[in-house]
Every structure is written in structure tokens, then in C-alpha cells.
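Take a moment with the sequence and the structure shown here. Then follow the paragraphs below, one region at a time.

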Amino acid sequence: MDKFRMIFRFLQSNQEPFMNGICSIMALASAQMYSAFDFNCPCLPGYNVAYSAGVLLAPPLVPFPLGLVMNNNVSMLAEEWKRPLGRRAKDPAVLRCAFCSMAQRALIAPVVWVAVTLLDGKCFLCAFCTAVPVTMLGNGSLAPGLPPPELARLLARVPCPEVYDGDWLLAHEVAVPYLRCISQALGWSFVLLTTLLAFVVRSVRPCFTQATFLKSKYWSHYIDTEHKLFDETCTEHAKAFAKVCIQQFFKAMIHDLELGHGHGALAAVPAGSAAPTATDGANEKREKLRGITDQGTMNGLLTRWYECKPPLRLSPEEPLVGNGWAGGGSQPSRKEVATYFSKV
């Protein structure tokens, strides 16, 4: 169990490289899924485009929300977005910065799927086979004599060589390389465009809005760190609270057994030097409880933290009083005492 706890802490401390690795694995998995996917074009005029659009756009909808869900900052971002205003203002720029950072990683796998699909060419071939210029690539003298529905039905069978019977109008060996060439050109253009866009977002944008970028990045890190530290503090408090409750339970059980057995075997055990150690341990656990020793007080504290977080202002002239707000409420009066010494 300790090994898993150490691994979990290591992943939390190295969350950004870990998420980059997860997104890269998802990107490779999406490419591998496409290579294992059996693409079967229906070869019908009314279904080719719909089937191809579904294959191109529907699968990327799965890894994108999956990449967002696997990011630990999603809960932090949702909590910060939905929390009441309280005495701490919400900065939309900070929320946008955190969401853009998560969305950029989650978009890697969908982008890889779209790029691999276009570079393969099967999807584009199935979708646009009816738009092949027959007059330029085939027997243009016979094309005007065919009705448009018959021509569309004939061209829709181009991706299916086993049922295609229009070689007299357009050779299959001519139409397929033509459409795949266009698809690969679009695929490489898509890769180049996304690469340039990522470069602009990651490198060029901070140069024009450096101050805003630094502020958003700092407070985004602050919210994330505050969320982690609060969870760690609550975990430490819950552990100390549970230990004290268990110790009290066993102490009460021992007392009942002593009363029931008339100080028999339990009373015969000498209370040596272990009692002060146990007492010191109990005092240490109670110190970790920070004065919160019942369920109602703890629930009220958690509700208070959610509804009215402390302001982001640390001032030694205005110490934290009352519920933790700087300068909130009346300050306790200080008594000044003067002492005079006289030589006798």
C-alpha cells in the first residue's frame, strides 16, 4: 500500500509530464485503432458522405472528453467556476488559462485521428467519389448522355472494385489515385496548420500579452496548489480524527471490561512507562485536530470554505481574525500595563 501511495504522490508532483505522456499514449492508441479499423464504404450515393463523415468526426469525440476527465485539474476548474463569489473574486482569465492548458493536451488524440484518416485516403475516397471530374479523367463524351442519378450511382461504386462496373466511363485505376492524392494533400495541410496554430498559441501569444499571461499562469498554479494543500490538510485531519475516535472507543471498551471482570486480568497488567507515551501520542493527535472535534463543526468549516474562501491578501497590519478574514470583525481590545520599579 505504501508503494502505491508513493507512486500516487510522485504522479501528483509530476502531473504535467505525466499528463503529456498519457496524451501521447492516447494519440498512439488512436492511430493504432484506425489501423485496426475495417473501413467498409457502403458505395451508395445517399450514404457515402454520411458514413465517411461519421468515421472522420465521431471517433475523436471519445478521446477528447476522456483526456479532460483524466486530468486532475478538471474538478478544481469546475469547483472554481461554480463556487459562490464570497470575498474572493473569480478571474475569467485564470479559468480560461487552466481550461486551455487542459484542452490543448486533450486535443492531441483527436488531431492524430483526423490526420491519419486524411493521410490514409479511404474516407475521402468514399465521401467524394461522386465528385470526380469525369470529363477530365474519363470518357467525357459518354458522360452527358447519362442521367445524373445513374451517373451518381455509377461513381459511388468507385471505392468498391468488386462491384464497380464503370470502367467504360472512368477507369478505377485513375479515379482512386486522384482522390487519394487530394486526401493526402489535405492531411499534410491539416498537420501543418495544427502545428503552426500550436506554435502561435504556445510561443507567440505570450509575447504580446506577457503580463496577462504571467498573471493568469501564476493564479492558475495558485488555485491548483491551494486545492492540493487543502486536500492534504483535510486528509491529515481525517486521519487524526479517526485515530482519536478509535482510541476513545477502545478506552471505553477497556473500561467496561474492567468493570465487568472486577479488575481481573486487565488490572493485573502493570501500567509502566507506556502510559505517558500513549498520552503524548493522544495529545499530538489532538493538536493535529486544530480544535475541530465534532462532525457538525467540520461540516460547517467545509461549507464555509466552499461558500466564502479567504481573500487573497496577506497583511501583517491586519491579522486573520474570526473566520479567517483579514480585518473582518472587531479587533479584540489590548490592555496596556505599565510597571514601575523603585530602588529602596
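Y34 is found in helix α2. Helices here are DSSP runs of H or I with at least four residues, strands are runs of E with at least two, and both are numbered from the N terminus. This is a predicted model: local features need pLDDT of at least 70, side-chain atom pairs count only at pLDDT 80 or more, and totals for chains, interfaces and linings use all residues. Residues are numbered from 1 along each chain as its sequence is written, and side-chain values use heavy atoms, with hydrogens and water left out.

Is Y34 buried or exposed? Y34 counts as buried, because its relative accessibility is 7%. The cut-offs are these: buried means under 20% relative accessible area, exposed over 50%, and partly exposed in between (1.4 Å probe, protein chains only).

What does Y34 touch? Leaving aside residues up to four places away in sequence, Y34 touches W113, V116, T117, D120 and K122. Contact means heavy atoms within 4.5 Å. Take W113. Y34 and W113 are 79 residues apart along the chain, yet 7.3 Å separates their C-alpha atoms.

L28 is also found in helix α2 (residues 15–36). L28 is exposed, because its relative accessible area is 63%. L28 and W113 lie 85 residues apart in sequence, and their C-alpha atoms are 9.2 Å apart in space.

Now turn to helix α7. The helix has 13 residues. From its first C-alpha to its last, α7 reaches 18 Å, close to the 18 Å expected at 1.5 Å a residue. The expected span is 1.5 Å times one less than the number of residues. Which residues of α7 are buried? They are A109, P110, W113, V114, A115, T117 and L118. Just after α7, G121 takes a positive phi of about 90 degrees.

Helix α7 (residues 108–120) packs with helix α6 (residues 92–106). Their angle is about 35 degrees, and their axes are 4 Å apart. Axes are lines fitted to C-alpha atoms, for helices over the stretch in contact, and angles run from 0 to 180 degrees between N-to-C directions. Where do the two helices meet? Q104, R105 and A106 in α6 meet I108, A109 and P110 in α7.

Next come the aromatic rings. The structure holds 6 aromatic pairs. Rings of Phe, Tyr and Trp (its six-membered ring) pair if their centres lie within 6.5 Å; planes under 30 degrees apart count as stacked, over 60 as edge-to-face and the rest as tilted. Y218 and W219 are edge-to-face, because their planes stand at 85 degrees, with ring centres 4.8 Å apart. W219 is partly exposed, with a relative accessible area of 31%. F230 and W305 are stacked, because their planes stand at 5 degrees, with ring centres 4.4 Å apart. This pair links distant parts of the chain: F230 is in helix α12 (residues 210–261) and W305 in helix α14 (residues 295–307), 75 residues apart. W305 is buried, with a relative accessible area of 18%. Y218, W219 and Y222 form one aromatic cluster.

Finally, step back to the whole protein. There are 14 helices and 2 strands. Of the 344 residues, 26% count as buried. Among contacts with a separation of 6 or more, 73% come from residues 24 or more positions apart.
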